[in-house]
Amino acid sequence: MKVYLPNVSDQEIGGGWTFMRNLRRGLEDRVEFVSDWRDCDIYFISGVTLAGRDEVEQVKTAGKLILFRVDNIPKKSNNKRSRVYDNMKRYGEVADIIVYQSEWAKEYAGWLANFSEATMDCIIYNGVDKKIFRPSPIPDDEETNRPLKYLYVQFNRDENKRFAEAAYHFHMRHREDPRIKLTLVGKFSADNFNDDGTPHFNFFGDENIEYIAPVADPYMMAAIYRDHDVLLFPAFADAAPNTVLEARSCGLQIELINPTGGTKEMVDSKLDISVDRMCDEYFDLFNNLMRVKS
């Protein structure tokens, strides 16, 4: 079985990149990932911005199987510049099957994009590599008495990430315990930096706030998770955030500030969030597609 994963992005941080990395590692002994779409059995669009429209049309004409993975609706404001919204609708039309990352994504994105009810679809939740994202050892008594360390992560400055809301939430927690700490990881507004590039997230003084630039290395990110107790997650209408899954796998408490979106499904304790489960489900899906094609 040969699978091609288009990637027209040079970005190495974000949900799509993380997913492709996990899928390749999890299926490397069962699937051949080819470097040319002409050699593939299945053309797997793992995110709308990762595939080029012209190539997708060529793939469709060539009669290849197309799998399209959907998380959310791209902003229509981006449509004039990059046709992302139009591309999403087109990829849904040509796909042999659409995979949604959560029940909420299917209910919202599938409806808003007006994907045909006749289109085959299913839901496969994201998974995390538990060999990387694992909990810290049980702390000793002294550690349990230390002030809580909060974490907020955003790899882009999308207004949906609601940084101001996370800051407010931390303010209120700080009223209850002035000793608590907050670490900010990722990309933030230029207003949060001095002319020399140093950060000034000075809500209560430097002793309370730490800033870390975007982290691409999953091992480093896992170490950051393990050094904290609580993940602040204020994002609104997020379909399947890897940040939440990774933090949960590292044993953090998730403070879900906005319940709208697929995140409620991600924090369900009954959900198997392992990358092994995710890859098994995709492997079964690939085989089913191949059988239908034959």
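Predicted model: local features only at pLDDT ≥ 70, side-chain atom pairs only at ≥ 80, totals over all residues.
Residues are numbered from 1 along each chain as its sequence is written, and side-chain values use heavy atoms, with hydrogens and water left out.

By these criteria Phe188 is buried, at 4% relative accessibility, while Tyr211 is partly exposed at 22%. The structure holds 20 aromatic pairs, a pair being two rings of Phe, Tyr or Trp (its six-membered ring) with centres within 6.5 Å, classed as stacked when the planes are under 30 degrees apart, edge-to-face when over 60, and tilted for the rest. The rings of Phe188 and Tyr211 have centres 6.0 Å apart and planes at 80 degrees, and the pair is therefore edge-to-face. Because Phe188 lies in the loop between strand S8 (181-186) and strand S9 (209-212), and Tyr211 in strand S9, this pair ties together parts that are 23 residues apart in sequence; helices (H or I, at least four residues) and strands (E, at least two) are DSSP runs numbered from the N terminus. Phe193 and Phe201 likewise form an edge-to-face pair, with ring centres 5.8 Å apart and planes at 85 degrees; Phe193 is partly exposed at 21%, whereas Phe201 is buried at 5%. Ring pairs link Tyr152, Phe163, Phe188, Phe193, Phe201 and Tyr211 into a cluster.

The structure also holds 14 salt bridges, each defined as a side-chain nitrogen of Lys or Arg within 4 Å of a carboxyl oxygen of Asp or Glu. In one of them, Arg90 pairs with Glu57, the closest N and O atoms being 2.8 Å apart. This pair links distant parts of the chain, since Arg90 belongs to helix H4 (residues 84-94) and Glu57 to helix H2 (residues 53-61), 33 residues apart. Arg90 is partly exposed, with a relative accessible area of 25%, and Glu57 is partly exposed at 24%. A further salt bridge joins Asp177 and Arg179, with 3.2 Å between the closest N and O atoms. Through salt bridges that share partners, Arg53, Glu57, Arg90 and Glu93 are joined into one network.

How values were computed: Buried < 20%, exposed > 50% of the residue type's maximum accessible area, 1.4 Å probe, protein only.
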